[in-house]
Amino acid sequence: MNDDRPVLLETRGTCMHLTLNRPRALNALSHTMVRLLDEALARAEQDEAIASVLLSGAGDRGLCAGGDIRALHDDARASGRASLEFWRDEYRLNARIARFPKPYVALMDGIVMGGGVGVSAHAAIRVVTERSRVAMPETAIGFVPDVGGTRLLAAAPGELGTHLALTGRSVGAADAILCGLADHHVPVRLLPALTESLGRPPGPPGPPGPGTSVADIVQGFATDPPAGDLAGQRDWIDHCYAGDTVEDIIRKLRASGVPAAQTVADELLTKSPIALKVTLAAVRRAARLDSLEAVLDQEFRVSSRAFEHPDFVEGVRARIVDKDNAPQWMPGSLAEVDDQEVARFFAPLGPGEQELALAPGPADTSARDGQDEQGG
């Protein structure tokens, strides 16, 4: 009989193995799954018999395709508030994972997008495979990278993170490692053996085998990933994405004379204009915040505002529900996006709204005097 629990929990030796178990939905996260993961980690943290945690996804298509976008879409259409409570718990889970005191190993096999990045890329040990595709594709649906993604992307070398944030493009194993989204490449065929080895008791550093540390066990299975694409594109990416505004970036892409850059410029113009400008501002601001918690506080404000904006419902309709790929963005062009509207996404939440408040003080939403802080 198939086990229909959305999160499977099995203790193998000293390792608590958590499996996201919605394979037909590409293991998309529901609120129940977030709560179950958080409860399991709280238990593992206190259990002295648990030395490590392993996260994987059921099926062979991916770890997790993100949050349940259709549920979020339906909630937004109904002017509901359930999505905000989902994000509140999800972002707290992301912070717990990042601060988890025991080795937390995430198997980022297959598709890992949006919320899937949140439950994996903050892990202590992040494993990708030859079929990994990692992305924060929010701008295509009128949303903005969240789950701590703006901090991860802001920390990527040069302007690679800005490129991935605005385009929403997915990357394979080598590029995920280059961008700081993953640590090791392990071939798919070795994942079962790696999983088995992680159940052994930890011991002093040394060659992989019984009694070795969790980090050494994973390293013992790691191999060089297939070649990536981004390292060879750093010159034009770093130059073009250094622009202060989305318009500047597109102008630089057009003027670069690089065919790949021309393609990206065309691609950006299909995304939500307001989402592009808020995303650029979010990544730039995240680079100056001093903790993941402060970034998550900022992202909660931004997500709350994006949830209310018509581009989110329209983007999900066009890309996922109707799949006509013809969203009618509001406003329809970058030139029509008002700087004050962008700034509103970062403003403190209003009466009747509750801040996430993970950081010790209020999220740093101060901005330098300059258009780069408005994303346009």
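Predicted model: local features only at pLDDT ≥ 70, side-chain atom pairs only at ≥ 80, totals over all residues.

What follows is a conversation about helix packing, aromatic rings and some backbone details.

Student: How are the axes of helix α2 and helix α15 oriented to each other?
Tutor: Helix α2 covers residues 69–77 and helix α15 covers residues 310–321. Their axes come within 10 Å and cross at roughly 140 degrees. Angles over 145 degrees would count as roughly antiparallel, so α2 and α15 are oblique.

Student: And how do the residues of that contact divide into nonpolar, polar and charged?
Tutor: From α2, the contact draws on Ile 69, Arg 70, Leu 72, His 73, Ala 76 and Arg 77. From α15 come Phe 312, Val 313, Val 316, Arg 317, Ile 320 and Val 321. The division is 8 nonpolar, 1 polar and 3 charged.

Student: Let's turn to the rings. Why is the pair of Trp 87 and Phe 143 classed as it is?
Tutor: The structure holds 6 aromatic pairs. In this one the ring centres are 5.3 Å apart and the planes stand at 25 degrees. Planes under 30 degrees apart fall in one class, so the pair of Trp 87 and Phe 143 is stacked.

Student: How many residues apart in sequence are the parts that this pair ties together?
Tutor: Trp 87 sits in helix α3, while Phe 143 belongs to the loop between β8 and α5. Both Trp 87 and Phe 143 are buried. The parts they tie together are 56 residues apart.

Student: What is the geometry of Trp 87 with Phe 307?
Tutor: Here the centres lie 5.6 Å apart, with the planes at 85 degrees. An angle over 60 degrees settles the class, so this pair is edge-to-face.

Student: Leu 26 has a positive phi although it is not a glycine; is Leu 26 buried or exposed?
Tutor: Leu 26 is found in the loop between β2 and α1, and its phi is about 55 degrees. Its relative accessible area is 14%. The cut-off is under 20%, so Leu 26 is buried.

Student: Last one: which residue does a cis peptide bond join to Met 330?
Tutor: The omega of that bond is about -5 degrees.

Methods:
Residues numbered from 1 in each chain as written. Heavy atoms only, no water. Axes fitted to C-alpha atoms, helices over the stretch in contact; angles between N-to-C directions. Helix = DSSP H or I, 4+ residues; strand = E, 2+ residues; numbered from the N terminus. Parallel < 35°, antiparallel > 145°, perpendicular 65-115°, else oblique. Contact = heavy atoms within 4.5 Å. Nonpolar A, V, L, I, M, F, W, Y, C, P; charged D, E, K, R; others polar. Buried < 20%, exposed > 50% of the residue type's maximum accessible area, 1.4 Å probe, protein only. Phe/Tyr/Trp six-rings, centres within 6.5 Å; stacked < 30°, edge-to-face > 60°.
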